[in-house]
Amino acid sequence: MIHLVATSHGTDNPQGREAVNLIREQLTALVEAQAPGTYSVHEAYVDVQEPSLPQVLQELPSGATAVLVPLLLSPGYHTEHDMRQAAADASHLTTAVARALGPSAALAKLQRQRLEEAGWDGYDDIALAAAGSSRADGREAVLYQAEVFSTLLSRQVPYGFVADIEPTIEQAWESNQAEYISTYLLARGYFHSKLTKAYQGTEKAVVAEPLVLPGDAASAAVVASVAFERSTEALTALSA
């Protein structure tokens with residue numbers, strides 16, 4: 001049995017929690033459909049919620065193989081420190097840490113879907129909003145996602161961060177006076193609330209929804225598929 005520890009940040013937002021749970025449900029359905037009895041999907045968090053990632057790993061049977069699968073869009077402190085430290089501390093397991101979900105063409109297509117649902121007609125200017133990271137690799141991953149998204153839409157899409165990290169989303173918006181903001185966030189939560197408060201009720205821009213919404217199994221299945229690809233990559237590297 002291969003243990004896929006689907007690890008998210010954690011949130012106090014009930015709708016965000018529901019969306020992340022839905023991703024795990026879709027990941028479980030996907031692995032059971034593709035390889036019945038081969039995988040077990042576990043819930044874990046690096047912040048805010050329980051069970052914590054170290055707790056989940058310590059409870060797995062000695063000698064088992066565990067893949068830590070980030071339900072996080074970009075690399076950052078949680079993937080490169082928290083998750084790797086938890087893997088190293090779980091000496092009773094054979095562990096691998098999968099890549100973050102993004103950058104990803106599949107996620108870019110979800111971004112476009114959310115824009116269209118918000119009323120984008122294919123012509124208005126767009127800015128991409130991401131959470132932000134103190135790490136250079138996390139910021140670079142968002143740059144790459146913006147490039148993937150720009151290629152998909154055949155137009156240049158500037159990006160900015162909701163956190164107080166440059167370029168900020170306000171700087172990105174100012175660069176083209178975007179009518180729409182593509183929300184490159186996994187689910188509703190702190191950063192989505194901050195973003196909508198900044199623009200909702202203004203005439204500046206329409207803020208699209210994040211990638212996965214409560215009850216939207218189709219979008220959750222897309223993210224779950226990307227997560228499974230990342231876990232497969234990690235397993236391949238582990239056995240090389």
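Predicted model: local features only at pLDDT ≥ 70, side-chain atom pairs only at ≥ 80, totals over all residues.
Residues are numbered from 1 along each chain as its sequence is written, and side-chain values use heavy atoms, with hydrogens and water left out.

**Exercise 1. Helix α1**

Work out what span the 21 residues of α1 should have, and which of its residues are buried.

Step 1. Helices (H or I, at least four residues) and strands (E, at least two) are taken as DSSP runs and numbered from the N terminus. The expected span of a helix is 1.5 Å times one less than its number of residues. For the 21 residues of α1 this gives 30 Å, which agrees with the 30 Å between its end C-alpha atoms.

Step 2. Buried means under 20% relative accessible area, exposed over 50%, and partly exposed in between, with a 1.4 Å probe and protein chains only. By this rule the buried residues of α1 are Gly16, Ala19, Val20, Leu22, Ile23, Arg24, Leu27, Leu30 and Val31.

Step 3. These buried residues pack against β1 (2–8), β2 (39–45) and α8, where contact means heavy atoms within 4.5 Å.

**Exercise 2. α1 against α8**

Describe how helix α1 (residues 14–34) and helix α8 (residues 217–239) pack.

Step 1. Axes are lines fitted to C-alpha atoms, for helices over the stretch in contact, and angles run from 0 to 180 degrees between N-to-C directions. The axes of α1 and α8 are 8 Å apart, at an angle of about 60°.

Step 2. Angles under 35 degrees count as roughly parallel, over 145 as roughly antiparallel, 65 to 115 as roughly perpendicular and the rest as oblique. The two helices α1 and α8 are therefore oblique to each other.

Step 3. A crossing is left-handed if the near helix is turned anticlockwise from the far one by less than a right angle, and right-handed if clockwise. That of α1 and α8 is right-handed.

Step 4. On the α1 side the contact involves Leu22, Ile23, Gln26, Leu27, Leu30, Val31 and Gln34, which meet Ala217, Ala220, Ala221, Val223, Ala224, Ser225 and Phe228 of α8. Sorted by class, the residues of this contact are 11 nonpolar, three polar and no charged. Here Ala, Val, Leu, Ile, Met, Phe, Trp, Tyr, Cys and Pro count as nonpolar, Asp, Glu, Lys and Arg as charged, and the others, Gly among them, as polar.

**Exercise 3. α4 and α8**

Decide how α4 is oriented relative to α8, and which residues meet.

Step 1. The axes of α4 and α8 come within 10 Å and cross at roughly 165°, which makes α4 roughly antiparallel to α8. The crossing is left-handed.

Step 2. Ala106, Leu107, Leu110 and Arg114 of α4 meet Ser219, Val222, Val223 and Val226 of α8, and the contact comprises six nonpolar residues, one polar and one charged.

**Exercise 4. Two residues**

Step 1. Glutamine 111, in helix α4, is buried, with a relative accessible area of 1%. Not counting residues up to four places away in sequence, glutamine 111 touches Leu128, Gln145, Phe149, Ser182, Tyr184 and Leu211.

Step 2. Aspartate 216 sits in the loop between β8 (206–207) and α8, and is buried with a relative accessible area of 19%.

Step 3. With residues up to four places away in sequence again not counted, aspartate 216 touches Leu22, Gln113 and Arg114. Aspartate 216 and leucine 22 are 194 residues apart along the chain, and their C-alpha atoms are separated by 8.1 Å.
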